[in-house]
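Here's a quick briefing to keep beside the viewer. Have a look at the model first, then work through the notes below.

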Amino acid sequence: MADNNTAVEKTKQTKAVKKKKDKRNSWTKGLKTEWDKIVWTDQKTLVKQTGSVVAVSAVLVLLITLIDNLGLQLIQLIIK
């Protein structure tokens with residue numbers, strides 16, 4: 001009887017291990033499928049978009065600096 005219980009326990013453990021492996025394989029297959037769906041841009045487009053981001057960022061920095069300085073001068077005029 002004890003041998004029968006041991007065999008049942010081993011069978012349950014084996015099934016649990018197989019189930020974990022199946023989940024891992026399923027996850028990696030799904031990951032590979034999603035990775036293959038990614039569309040990578042070419043270098044020319046990437047350079048153009050990066051340049052645009054840098055240019056817009058520089059303009060915004062200048063605009064914010066200008067507004068900040070004007071606001072500071074206005075506040076100094078009001079205080080005097």
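This is a predicted model: local features need pLDDT of at least 70, side-chain atom pairs count only at pLDDT 80 or more; totals for chains, interfaces and linings use all residues.

Start with a greasy spot: Val56, Leu60, Leu63, Ile64, Leu66, Ile67 and Leu70 make up a nonpolar patch on the surface.

**Overall build**
- The protein has 2 helices and 0 strands.
- Among its 80 residues, 0% count as buried.

**The nonpolar patch**
- Is isoleucine 67 buried or exposed? Isoleucine 67 has a relative accessible area of 54%, so it counts as exposed, the cut-off for that being over 50%.

**Salt bridges**
- How many salt bridges are there? The count comes to 2.
- As background, side chains of opposite charge can pair when their charged atoms come close.

**Aspartate 36 with lysine 32**
- The side chains of aspartate 36 and lysine 32 form a salt bridge, at 3.3 Å from N to O.
- Where do these two sit relative to each other along the helix? Both belong to helix α1 (residues 2-36), and because they're 4 residues apart there, about one helical turn separates them.
- Both ends are out in the open: aspartate 36 is exposed at 51% relative accessible area, and lysine 32 is exposed at 52%.

**Lysine 37 with glutamate 34**
- Lysine 37 and glutamate 34 also meet through their side chains in a salt bridge, with 3.2 Å from N to O.
- Lysine 37 counts as exposed, at 54% relative accessibility.
- Glutamate 34 has a relative accessible area of 45%, so it's partly exposed; exposed would take over 50%.

Key
Residues are numbered from 1 along each chain as its sequence is written. Side-chain values use heavy atoms; hydrogens and water are left out. Buried means under 20% relative accessible area, exposed over 50%, partly exposed in between (1.4 Å probe, protein chains only). Patches are made of residues with over 30% relative accessible area and no salt bridge: like charges are joined within 9 Å, nonpolar side chains (Val, Leu, Ile, Met, Phe, Trp, Tyr) within 5 Å. Accessible areas come from the Shrake-Rupley method with a 1.4 Å probe; for residues, only the protein chains shown count as cover. A salt bridge is a side-chain nitrogen of Lys or Arg within 4 Å of a carboxyl oxygen of Asp or Glu.
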